[in-house]
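User: Please go through this structure with me in questions and answers. I would like each answer to end on the value or name asked for.

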Amino acid sequence: MKNPFIKETQVNKILKILKNNIFLLSLLLFLSSISAQNEKLEVDEAMEVLDIYMQEFNARNMESWSETLNYPHVRFSRGQVTLWNTKEEYASVNIFKKLVSTGWHHSAWISRDPILVSKNKVHISTVFQRYDKNNQPIEQYQSLYIVTKEKGHWGIKARSSLAP
């Protein structure tokens with residue numbers, strides 16, 4: 001039974017609008033899915049950099065550790081800003097004697113939460129723990145790592161830490 005108040009051309013217009021909206025909604029969902037997949041890839045890459053960073057830090061290998069960074073590299077700590085322009089400059093500073101003198105043996109991530117993600121940059125809020133040689137906690141610190149992709153290389157560009 002036909003509704004006398006709705007003309008057939010109006011029904012066709014409504015159906016066309018609905019079809020267009022369904023198409024647009026499907027397209028948006030598809031694009032959103034691709035964006036989420038890309039975001040996951042960037043986060044995975046950044047987390048892998050942090051894994052290697054911590055591994056090389058615990059190995060006390062300044063040369064390999066310096067390869068996990070992008071340069072110039074910036075560190076904010078204790079109210080100071082330190083800038084290293086090259087990998088060689090960074091690797092030339094051996095921080096491990098001072099750390100070991102505090103009882104430090106190794107460190108580990110407690111948490112790592114991406115808080116800002118784009119195609120070539122991921123900001124990660126972290127908490128890490130320092131341990132002594134008996135695996136007893138020494139101190140826990142919050143920090144922010146900015147991991148960037150530059151010239152095809154994912155590395156830590158900047159970090160801000162409450163650690164000394």
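User: Is Trp104 buried or exposed?
Analyst: This is a predicted model in which local features need pLDDT of at least 70 and side-chain atom pairs count only at pLDDT 80 or more, while totals for chains, interfaces and linings use all residues. Residues are numbered from 1 along each chain as its sequence is written, and side-chain values use heavy atoms, with hydrogens and water left out. A residue is buried under 20% relative accessible area, exposed over 50% and partly exposed in between (1.4 Å probe, protein chains only). The relative accessible area of Trp104 is 2%, so the residue is buried.

User: What share of the residues in the protein is buried?
Analyst: The protein has 164 residues. The buried share of these is 32%.

User: How many aromatic pairs are there, and what is the angle between the planes of Phe57 and Trp104?
Analyst: Rings of Phe, Tyr and Trp (its six-membered ring) pair if their centres lie within 6.5 Å; planes under 30 degrees apart are stacked, over 60 edge-to-face and the rest tilted. The count by this rule is 13 aromatic pairs. In the tilted pair of Phe57 and Trp104, the centres are 5.1 Å apart and the angle between the planes is 50°.

User: How many residues apart are Phe57 and Trp104?
Analyst: Helices (H or I, at least four residues) and strands (E, at least two) are DSSP runs, numbered from the N terminus. Phe57 lies in helix H1 (residues 8-58), and Trp104 in the loop between helix H4 (96-101) and strand E3 (106-118). Phe57 counts as buried because its relative accessibility is 8%. The pair links distant parts of the chain, and its members are separated by 47 residues.

User: What is the centre-to-centre distance between Trp65 and Phe96, and in which helices do they lie?
Analyst: The rings of Trp65 and Phe96 form a tilted pair with 45° between the planes and 5.8 Å centre to centre. They sit 31 residues apart, Trp65 in helix H2 (residues 62-66) and Phe96 in helix H4.

User: Which strands are the edge strands of the sheet?
Analyst: Two strands pair if DSSP finds at least two bridges between them. The six strands form an open sheet with mixed pairing, in the order E2-E1-E6-E5-E4-E3. Two of its members pair on one side only, strand E2 (80-84) and E3.

User: Which residue in E6 is the bridge partner of Arg75?
Analyst: Strand E1 (residues 69-77) and strand E6 (residues 153-161) pair in the parallel sense over four bridges. In E6, Arg75 has as its partner Arg159.

User: What is the C-alpha distance between Ser125 and Ser143?
Analyst: Ser125 is located in strand E4 (residues 121-131), and its relative accessible area of 30% makes it partly exposed. Ser143 is 18 residues away in sequence, and the C-alpha to C-alpha distance is 6.1 Å.

User: What is the volume of the largest pocket, and how many nonpolar residues are in its lining?
Analyst: On a 1 Å grid over the protein atoms alone, a pocket is an open set of points where a 1.4 Å probe fits, with protein on both sides within 12 Å along at least five of seven lines; lining residues have an atom within 4 Å of a point. The volume of the largest pocket is about 620 Å³, counted as the space filled by probe spheres set on the points. Its lining has 30 residues, with Arg75, Ile95, Leu99, Arg130 and Pro164 nearest the centre. With Ala, Val, Leu, Ile, Met, Phe, Trp, Tyr, Cys and Pro as nonpolar, Asp, Glu, Lys and Arg as charged and the others as polar, the lining holds six polar, six charged and 18 nonpolar.
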